[in-house]
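I opened this model to look up its sheets and one of its helices. My entries follow in the order in which I made them.

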Amino acid sequence: MSPSPLPLDPRPNGALIFCRVIDNFGDAGVTWRLARRFSALGIPATLVIDRVDVLAKLVPELDSPLRDFTFEGNPVRPVGETAEVTVWDWETFEKALADTDPQWEAARLPELVFETFGCRLPDALEARLAEVADNPRHLTYNLEYLSAETWVEDSHNVWGLHPRLPIKKLWFFPGFTDKTGGVIIEEPLKAEVVNCEKTSTPEKKQTVLRALGLHPDGLTFFIFTYPENDLTALTNHLTALSKKHPVNVMLAPGVAGDTLYRHLQSSDTLRLRKMPFVCQPEFDAVLRLADIAIIRGEDSFVRAQLNGKPLLWSIYPTDDQAHLIKLDAWLDRLRPLFEDEETYLAWREVPEAWVKGSLTESAFIRWCEALPTWTTIATQWQNELFDRGDLVLHLVARWQQAQDEAQ
């Protein structure tokens, strides 16, 4: 597939993305998707990551034998579905900087540099960036975590100064409003969603579900959650629901999925399927098969929304309860889509209770039985996200704006 043109030229000569993995597949998934998106737009992308082993679970191209070379510290060049992305192990990259590898001389640096999720750039790289600080073609972003909180609108697209060096970094926040950067939306995605809506039939879905050993007419869940969530309650709620309606449960790999499988495999009223690790395009296909997603992380959370799925967000619990603030902010964003307060509160009750560990069986079953209403809302929200546009195009447009301002 040939790279898609940007709406405007000029375009940057490359994107250099740094990631330290804290949230496992969330951090790795977001930065890999970011790199793939740049590359698909014809902008060479390089990802420097400290946990290539985590990324390798999401990227089949990093499997053996290339994977072995990665762990020995050599860069690898996996070929993605649409274009090439260069992957470096963080420690190896720092060694290349220390050895003054000509590839990383200041004059040859990619013009877009991304410090993701506050990971801090290597000191040696910042010294090189200081050498080109007066060149408007070089732009360093501090790309933050996704948030629906109102304060990010005031912090978005704001310059920050380095404490020692003449480097400016542009704070850029993904988000859900026109005053933020949006989310990553690949160009083919909307066409795929529309095509799926046009060509999907109950018969086609039934065929796929049968092939997976699932009930052809079952209410289908995809569950990717944390072991910290109340898995015992979820087991009981799913079992109770399956006594009233045919239920399918597709489980993502991981500790929580294994636990739920052990709890649910003895049930004779629902059907269960352990799903393998899949690459990102295949993950979208799995989500489309589901009726409801119980989802965790940032990348998976966004993909469920872009695929128009009603969801319960398993936001990771924090001691200071910040996760509840983030959840409430996202729930607030969807309020305008509801025609009346009663329906909105009925919808909101369950995702809040799920995260707090207070979800009751009766509330869960009522919520699932109102699925047609929630699906309509999810589709409207999906369209709003599409209309706000792609984060990566917004990043490039901001770089282009800097070129105009310098003239």
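I took two strands as paired if DSSP finds at least two bridges between them. Strands (E, at least two residues) and helices (H or I, at least four residues) are DSSP runs, numbered from the N terminus. The model is predicted, so I noted its limits: local features need pLDDT of at least 70, side-chain atom pairs count only at pLDDT 80 or more, and totals for chains, interfaces and linings use all residues. Residues are numbered from 1 along each chain as its sequence is written, and side-chain values use heavy atoms, with hydrogens and water left out.

**Entry 1: the parallel sheet**

I looked up the strand order and found S10-S9-S8-S11-S12, an open sheet of 5 strands with parallel pairing. Strand S10 (270–274) and strand S12 (311–314) are at the edges, each pairing on one side only. From one strand to the next the twist averages 15 degrees. For angles I used axes fitted as lines to C-alpha atoms, for helices over the stretch in contact, with values from 0 to 180 degrees between N-to-C directions.

Strand S11 (residues 292–296) runs parallel to S12, and 4 bridges join them. Ile-295 has Trp-313 of S12 opposite. Helix H12 (residues 299–306) lies across both S11 and S12, at about 155 degrees to S11.

**Entry 2: the mixed sheet**

The other open sheet I looked up has 7 strands in the order S3-S2-S1-S4-S5-S7-S6, and its pairing is mixed. Its edge strands, S3 and S6, each pair on one side only. The twist here averages 25 degrees from one strand to the next. Helix H1 (residues 25–40) packs on this sheet and touches S1, S2, S3, strand S4 (112–116) and S5; contact means heavy atoms within 4.5 Å. The direction of H1 makes about 175 degrees with that of S1. H4 also packs on the sheet, touching S1, S2 and S3, with its direction at about 85 degrees to that of S3.

Which way do the strands run beside S7? Strand S5 (residues 139–143) is parallel to strand S7 (residues 168–172), with 4 bridges, and Tyr-141 has Leu-170 as its bridge partner in S7. Strand S6 (residues 158–161) is antiparallel to S7, also with 4 bridges, and Val-158 is partnered by Trp-171. A hairpin through 6 residues joins S6 to S7.

**Entry 3: helix H4**

I then asked which residues of H4 (residues 90–98) are buried. They are Trp-90, Thr-92, Phe-93, Ala-96 and Leu-97, where buried means under 20% relative accessible area and exposed over 50% (1.4 Å probe, protein chains only), partly exposed being in between. Seen down the axis, these buried residues fall within an arc of 160 degrees, so they line one face of H4; the arc is that of the directions from the helix axis to the C-beta atoms.

The buried residues pack against strand S1 (15–19), strand S2 (45–49), strand S3 (85–89) and helix H5 (123–131). Turned away from the buried side are the exposed residues Glu-91, Lys-95 and Ala-98.

Lastly, I checked what follows H4: just after the helix, Thr-100 takes a positive phi of about 50 degrees.
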